[in-house]
Amino acid sequence: MAEPLTKQVTDALLDMNFTHVEFYADITETPEITADGKDSVVFCLSTNLGEAPKPLHKVASGGELSRVMLALKATLSDAADTPTLVFDEIDVGISGVTAQKIGDLLKRLAKTRQILVITHLPQIAAAGDSAYRIDKQVVGEKTLTTLTELDEEGRVQELARLLGGDRITDAILQSARELLTKG
């Protein structure tokens with residue numbers, strides 16, 4: 001029964017830069033029906049060739065957990081016809097090529113539903129159709145949060161800040177523009 005789900009999740013994980021991945025649901029029937037149902041489900045994962053899958057909660061790193069959650073949400077959102085998906089810092093523990101692949105997957109998901117992503121990685125931020133900057137500042141004894149929609153140049157500046165910190169050079173600005181055109 002869980003085979004179609006685990007196949008789709010495995011395929012999504014392969015798309016997110018896992019070169020060797022085995023993922024399945026270990027389902028056992030419990031002796032009695034509880035508020036959680038009659039089955040106990042444990043997701044098992046192996047990301048290394050030759051290594052047996054083990055319970056996800058025992059072996060997955062932060063980056064692996066982020067990608068498994070993205071794969072699960074993407075797969076289950078199709079079954080549930082979920083119109084909006086929210087990913088808060090899906091970029092934990094990843095970088096480079098993996099970040100690009102996650103950005104690509106999010107962009108594909110956005111063709112059929114609304115995707116809201118909070119990220120600190122320029123590769124993922126550049127994949128969006130629009131962008132907002134969230135700022136916090138202390139005023140008196142309160143912390144205020146503001147949300148600002150970014151225009152094209154604002155997106156370039158924010159991507160440059162993510163790429164280069166407080167030292168934004170012409171080369172970093174060019175890289176930010178390039179990310180946006182490839183995103």
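## A tour from the antiparallel sheet to the pocket

Start by selecting Ala 25 and Phe 43: Ala 25 stands opposite Phe 43, which is in β2. This is a predicted model, in which local features need pLDDT of at least 70, side-chain atom pairs count only at pLDDT 80 or more, and totals for chains, interfaces and linings use all residues. Residues are numbered from 1 along each chain as its sequence is written, and side-chain values use heavy atoms, with hydrogens and water left out.

**Stop 1: the open sheet**

Colour strand β2, residues 37-46, together with β1. Helices (H or I, at least four residues) and strands (E, at least two) are DSSP runs, numbered from the N terminus. β1 and β2 pair in the antiparallel sense over nine bridges; pairing requires that DSSP finds at least two bridges between the strands. Now go to the turn. Two residues lie between β1 and β2, which form a hairpin. Thr 34 stands opposite Gly 37 of β2.

Two bridges join it to β2, and the two strands run antiparallel. The three strands form an open sheet in the order β1-β2-β3, with antiparallel pairing. β1 (22-34) and β3 (54-55) stand at the edges with a single partner strand each, so one side of each has no neighbour in the sheet.

**Stop 2: the parallel pair**

Select residues 84-88 and 114-118. These are strands β4 and β5, which pair in the parallel sense over five bridges. Between them the chain passes through helix α4 (residues 96-109), in a right-handed β-α-β crossover. To check the hand, point the strands away from you: right-handed means that the path from the first strand over the helix to the second runs clockwise. Asp 88 stands opposite Ile 118 of β5.

**Stop 3: the largest nonpolar core**

Show side chains. A nonpolar core is a set of buried Ala, Val, Leu, Ile, Met, Phe, Trp, Tyr and Cys residues joined through side-chain atoms within 4.5 Å. The largest one has 27 residues, and Leu 13, Leu 70 and Leu 106 touch the most other members. At least two residues of this core come from each of α1 (3-15), α3, β4 and α4. Another core, of nine residues, lies apart from it; among its members are Ala 126, Ala 160, Ala 176 and Leu 179.

Zoom in on Leu 70, in helix α3. Is Leu 70 buried or exposed? It counts as buried, because its relative accessibility is 0%. The classes are buried (under 20% relative accessible area), exposed (over 50%) and partly exposed in between, with a 1.4 Å probe and protein chains only. Which residues does Leu 70 touch, not counting those up to four places away in sequence? They are Met 16, Phe 87, Ile 90, Ile 102, Leu 105, Leu 106 and Leu 109. Contact means heavy atoms within 4.5 Å.

Ser 77 is buried because its relative accessible area is 1%. Beyond residues up to four places away in sequence, Ser 77 touches Thr 82, Leu 85 and Arg 113.

**Stop 4: the largest pocket**

The largest pocket has a volume of about 970 Å³. Its lining has 32 residues; nearest the centre lie Val 117, Ile 118, Ser 130, Ala 131 and Tyr 132. Elements giving two or more residues to the lining are α4, β5, α5 (122-125), β6 (131-139), β7 (142-150) and α6 (152-164). The pocket is an open set of points on a 1 Å grid over the protein atoms alone, where a 1.4 Å probe fits, with protein on both sides within 12 Å along at least five of seven lines; lining residues have an atom within 4 Å of a point. Points are joined across faces, edges and corners, and the volume is the space filled by probe spheres set on them.

Pick Ala 131, in strand β6. Ala 131 counts as buried because its relative accessibility is 15%. Apart from neighbours within four places in sequence, Ala 131 is in contact with Thr 148, Glu 149, Leu 150 and Arg 155.

**Last stop: the whole chain**

Zoom out. The protein has seven helices and seven strands. Of its 183 residues, 34% count as buried. The C-alpha atoms fill a box of roughly 60 × 40 × 30 Å along the principal axes.
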